[in-house]
Amino acid sequence: MSLEATIDVRGLRKRYGPTVAVDGLTFTVRPGQVTGFVGPNGAGKSTTLRLILGLDRPDEGAALIGGRPYGHLRKPLSEVGAMLDASAAHPARSARHHLLWLAHAGGLPARRVTEVLDQVGLASAARRAVGGFSLGMRQRLGIAGALLGDPPVLIFDEPVNGLDPEGVRWIRGLLRSLAAEGRAVLVSSHLMSELEDSADHLLVLGRGRLLTDTGVRELLDAASGGHTRLRTRDRGRAMAVLARAGARVASLDADTLTVSGLPAERIVELLGEHRVPFTELAGHRASLEEAYMELTRDAADYRAAGQRAEDGS
Amino acid sequence: MSGERPGAGAGAGADGGAAPVVSAGAGADRGADAATGAGVVPYRSNFADGTPGFGGLLRAEWTKFRSVPRWVLTLLAAVVLTVLIALITANGSERAVAGGGEDPADSGASADFRIRDGGHFLYQPLPGDGELVARVTELTGTQDWAKAGLMIRAGDEAGGTYAALVATPGHGVRLQTGFTQVAGERAEAAVPRWLRLTREGRTVTGYESADGENWSRVGSVDLTGLPATAQAGLFVASPDEVHVDRQFGGESISQEPTEAEATFDGVTLRPESGAAAGEWQDRARSLAAGGSATRLGPDAFTLRGAGDIGLDPGFADDSARNLLEGALAGLVAVVALAVLFLGSEYRRGMIRLTFAATPGRGRVLAAKATVLGAVAGAAGAVAAAAAVLLAGPMLDGAGRVSLTEGPVLRAVLGTGLLLGLVAVLALGVTALVRHSAAAIALVLLPLLVPRLLAGGLPLNAAEWLQRLTPAAGFAIQQTVRRYDTAIGPWAGLAVLAGYTAVVLAAAYARMRRRDA
C-alpha cells in the first residue's frame, strides 16, 4: 500500500450523545480511483469525512492520510483537498476573495486562485459575491477550493447536489480525470445513480457501518448474476427445452424470457439443437441502482430493524 | 481491485467537456506506468513544497476581513460616529469658568493630577535663612478647610514649590507642601493661634503655640528647588463649595467659590529684608481672583482670599475623557464586528474550511486575534486622535485638550488599545459560546453595565465595580484624577487585558477539545 495518496480509516468510531454516528469503520481509499461513498442520508458519511479531516475527534480508531493524521500534515491543502459544504462561504465575499484567503492560509500562490476558477468555469463570476450564486455555482466554487492546493487526495461531499445535467456531466468527467492523474478521489452521495459512470470502487455505508467495500465492476457482475434475456416466437418450446437442461426460466411478456443458471453459449447451443427460433439473445446488464438494491437486500433485515427502531423512537 | 480503467489516461478530462484539468507535468509517465504494481503512480502536488507560515495566516484573516464590504463599512462608521459624538460633545459643552483661583493645568505639576494654587498671599522677599512669626486672631469662612497662616514659596509661578503652615476652622493646624502631601498636623490646635515658620537652607519647619511662648513642632519639609531668596508672608485660602449629585447615567456637580477672611497680628519677619523692610506685596495672581489685604497696624493685617492650594479634589470635568466618550459607540460596533468575524464562520460551516487549511486551532485563534486586535486598535486610535484634533480646539479655556499633553496622548492611544483588547475579548467569547447574539451580550454587558450603574451606586461600590469588571479598561481614557477615579489608567487596562487573556486561553482549550 502506498504511503502517499491514500486515505486509511481504521476502526473509526464516533458517538454524538446517545447516537452512534460511525460504528467501527475500516476502509482504504486508493490512488488512481474514484471511490464512491454511498449510503442514505444519516448513514454517517459526512461524519466520516469530518473525522478524516480532523474536524471532529474520533472516540476510537484513526483516519490517516498518507500514513499521518490530518492534524500532522505539513501542508494540508496540498495533501488533501476537500469540499464538505458548498455553502461554507460568506455571502458578501467574492468568489475570488473566498479562494484568496484559502490560498494565503494554505501557503499557496495567489495565481492558483485564477487557475482553479478557470478550471471550474467560474472565471467570469470571480468578482461576484457568493451570495448571488446558484447552488451549482457554489458547488463549483467548493470544488475550486478543493483543487486549490493541487492535492493528491480529494474528498467531495455530495458534489452532484444541485447541478444541472450539464454540470453533472462535467463533474463526472472531472472526477474521472482527477483519478486518471493518479489521485485518490473520494466522492460521497446518497444516490447510487449519481455515481454511475464515475466510480471505480464503492464503499456502501448504512447506519454508521460499512456494508460493502467492492469494485464497481465486480458488483455489477455479481448483480447481473448470469441473467440472459431471450426473445423468441416460440415461447413454450424454448421454456421446455431450457428448463429440461436445468435453467430457471421466467417469462417477461409474450415473446421475452429471462434465463438464469445457464451460460449464454449453452443457451444458443440448445436452441440450435432443438431448432427453436429466436430473434435476440442478450446478456442482461444490471444498473448500478439495481446492483445496489440487490446488495442491500442482504442488509434488509438490518435495515428493517433500523427502520423499526427509528419509528419506535 | 478492478477499479482501474484501461482507457483512462491524462486526457480523460475530455469527456467532461468543460474545463481542462491542470495536470502535472509528469502526467504522461504515469499513464505508461499504469501496468506495474497496483497499476497506479500516486499523484504528487505541484505545490507540495514549503510550509504555510503564520504570515500567510495573517494575510488570510486580513483578506477575510477586508473582503466583506459591510464589515469595512461598519468599522469606518464606528470611526466617524466616534468623531461625530466628540464634536457634538464639544459643541454642547458650556463651561462656567470657575472663579476660585486659577487653573494651573499646565503648571508642570504631575501630569495626572490637577492642582489648585489659589488663595491670597501677602509677602516680602526673604533672602537666605530666616523666620516668620504671626498670630491668627480670627478666621471666618464657610468651609471647614478654610486656611489662614504662613507660607514660604519659591515665587509667583503657579504650582511652584511652597510650604504653608495654616490653621483651619475644622481640622486644626497643618504644615502642607506640594500638591500631594501633608508634612504634619495638629488636629486639636484652634484659632487664635501663634504660628512660626523657619527656613534653614532647604528645610522649612513649622511650629504652633497657644501663647507665643511654648512652641510645639508641627513638622518640617525639605523643599528642593527653593531659591536663595524666597517669598515669605501671610496666606488665606478657602476651597470651593462643591455639591455632587450622582444618579444613574451621570452626575451633576455644582462648584462655587467661597471666601475666607483672617486677621493676623504680631507679624514678624526676621531678618527684616533690607531696603524693602516693611514693604508687603500682594501676590498679583491672587489679586486678580478677588483676594485683598488690609494693613490694620504695623504688624497686623486682614486678608481675604478665595480658592485653595493643594491637590485638586477632582470635581473638575475630565474634558478629554468626555470627548472620547464617543468611543463607546465605536466599541459597540467593534464588538459586533469581532463577534460576526468568527460567529459567521461557525454559522455557515466555514470554520471547517478554516481548520482544514490550518489544522492548528491555536494558530487560527492567534491569527484571528492579531488581525482583529490590530484592525480595531487602529480604528480606535484613529477615531480618538481625530476626535481630539477636531473637537479639542472647540472646547473653551481650561477644558481645551490637545494631543501634545501626555495624558491626552495616552488616552488617545489607549483608546486604540482598549478597542483592540475588547475586539480580542469578543473573539474569545464567540469561540466559547459560538452564538453571535449571546456573545455580543456577554461582552457588552460587563463592559457597559458598570458604567451605567456607577452613577447610581454608592461611591465605594461604584469604584469596586469599575476596578474588578472588564469596564476597568475605560480607565485608560482618564486624563485627570477625579474624586471618583477608581483605578489608574494602566492598571485598569491591565484588568481588561487579564480578562481577555483568560477568555482567550479558555477559548483555545475549548477549540482544541471540541468538534468544529
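## Ground rules

Two strands count as paired when DSSP finds at least two bridges between them. Strands themselves are DSSP runs of E with at least two residues, helices are runs of H or I with at least four residues, and both are numbered from the N terminus.

What you have here is a predicted model, where local features need pLDDT of at least 70, side-chain atom pairs count only at pLDDT 80 or more, and totals for chains, interfaces and linings use all residues. Residues are numbered from 1 along each chain as its sequence is written, while chains are lettered from A and ligands numbered from 1 in the order in which they are written.

Let's zoom in on one pair. Strand β14 (residues 259-270) and strand β17 (residues 300-306) of chain B are antiparallel and share 6 bridges. One spot to look at is B:F264, whose bridge partner in β17(B) is B:F301.

Chain B has two domains according to its domain assignment: domain 1 (54-93 + 317-513) and domain 2 (115-311). Such bounds come from an automatic or database assignment. Taken over C-alpha atoms, the centres of domain 1 and domain 2 of chain B are 47 Å apart.

Now find helix α6 (residues 327-348) and helix α9 (residues 406-433) of chain B: their axes come within 8 Å and cross at roughly 35°. The contact involves, among others, B:L331, B:V335 and B:F341 of α6(B), along with B:L419, B:V422 and B:L427 of α9(B). Being in contact here means that the C-beta atoms of two residues, placed from the backbone, lie within 7 Å. The residues of this contact split into 14 nonpolar, 4 polar and no charged. In that count, Ala, Val, Leu, Ile, Met, Phe, Trp, Tyr, Cys and Pro are nonpolar, Asp, Glu, Lys and Arg are charged, and the others, Gly among them, are polar.

## Two leucines to compare

B:L496 lies in helix α12 (residues 489-513) of chain B. It counts as buried because it has 24 C-beta neighbours inside 10 Å. The cut-offs go like this: 20 or more other C-beta atoms within 10 Å makes a residue buried, 12 or fewer makes it exposed, and anything in between is partly exposed, with C-beta atoms placed from the backbone. Leaving out residues up to four places away in sequence, B:L496 touches B:L421, B:P470, B:A472 and B:G473. B:L496 and B:P470 are 26 residues apart in sequence, yet their C-alpha atoms are 4.7 Å apart.

B:L457 sits in the loop between α10 (436-454) and α11 (459-468) of chain B. With 16 other C-beta atoms within 10 Å, B:L457 is partly exposed. Leaving out residues up to four places away in sequence, B:L457 touches B:A462 and B:L465.

## Over to chain A

Chain A holds 10 helices and 14 strands, and 49% of its 313 residues are buried. Its C-alpha atoms fill a box of roughly 75 × 45 × 40 Å along the principal axes. The chain is divided into domain 1 (7-215) and domain 2 (226-283), and the centres of these two domains of chain A are 47 Å apart over C-alpha atoms.

Chain A has an open sheet too: 6 strands in the order β6-β7-β8-β3-β9-β10, with mixed pairing. β6 (80-83) and β10 of chain A stand at the edges with a single partner strand each, so one side of each has no neighbour in the sheet. On average, neighbouring strands of this sheet are turned by 15° against each other, direction ignored.

Strand β3 (residues 33-38) of chain A runs parallel to β9(A), joined by 4 bridges. Strand β9 (residues 201-206) and strand β10 (residues 209-215) of chain A run antiparallel, with 6 bridges. Which residue of β9(A) is the bridge partner of A:V38? That would be A:V204, and A:V204 also has A:T212 as its bridge partner in β10(A).

The hairpin of β9(A) and β10(A) has 2 residues between the strands, and A:R207 takes a positive phi near 45° there. Finally, helix α1 (residues 45-52) of chain A lies across β3, β7 (153-157), β8 (184-189) and β9 of chain A, at about 145° to β7(A).

Definitions and conventions. Axes fitted to C-alpha atoms, helices over the stretch in contact; angles between N-to-C directions.
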